[in-house]
Amino acid sequence: MPDPLGQVFSALADPSRRHVIGYLSERGSATATELTGELPITRQAVAKHLTALADAGLVESQRRGRETRYQLTDMGTEWDERLDALARHLRSGGA
């Protein structure tokens, strides 16, 4: 039986994927090419990260003409908000 929560945590364990989530959270959507400009990795690596995030249900793609744009799913937005709250809590010295 698949472990959806495990897939989410596995996807978020990678710093590049967390950067992609943060970027999409700020910008709303982006192409793989735009994301490549934000990360010190190849477009092929960005595509693999996007696939892992999509498999975990965190991002979805939408074809617009000749380009494919990626955006957070509702679940991805919820996780982004939860992770931001956790980061704020940890910075405030919470236990």
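The protein chain exposes about 6100 Å², of which carbon and sulfur atoms supply 51%, the accessible areas coming from the Shrake-Rupley method with a 1.4 Å probe and, for residues, only the protein chains shown counting as cover. The structure is a predicted model, in which local features need pLDDT of at least 70 and side-chain atom pairs count only at pLDDT 80 or more, whereas totals for chains, interfaces and linings use all residues. Residues are numbered from 1 along each chain as its sequence is written, and side-chain values use heavy atoms, with hydrogens and water left out.

The protein chain contains 5 helices and 3 strands, arranged along the sequence in the pattern α-α-β-α-α-β-β-α; helices (H or I, at least four residues) and strands (E, at least two) are DSSP runs, numbered from the N terminus. Along the principal axes, the C-alpha atoms of the chain fill a box of roughly 50 × 35 × 25 Å. The radius of gyration of the protein chain is 14 Å, which agrees with the value near 12 Å that a compact globule of 95 residues would have, where the radius is taken over C-alpha atoms and the globule rule is 2.2 Å times the number of residues to the power 0.38.

Of the 95 residues, 32% count as buried, a class defined by under 20% relative accessible area, with exposed meaning over 50% and partly exposed in between (1.4 Å probe, protein chains only). Among contacts (heavy atoms within 4.5 Å) between residues at least 6 apart in sequence, 49% join residues at least 24 apart.

Helix H1 spans residues 4-12, and its buried residues are Val8, Ala11 and Leu12. Seen down the axis of H1, these buried residues fall within an arc of 95 degrees, so they line one face of the helix; the arc is that of the directions from the helix axis to the C-beta atoms. In general, an α-helix has 3.6 residues a turn, so residues three or four places apart point the same way.

In helix H2 (residues 15-27) lies Ser16, which counts as buried at 18% relative accessibility. When its neighbours within four places in sequence are left aside, Ser16 is in contact with Leu39, Ile41 and His49. Glu78, found in helix H5 (residues 74-91), counts as partly exposed at 39% relative accessibility. The C-alpha atoms of Glu78 and Leu58 are separated by 9.3 Å, the two residues being 20 residues apart along the chain.
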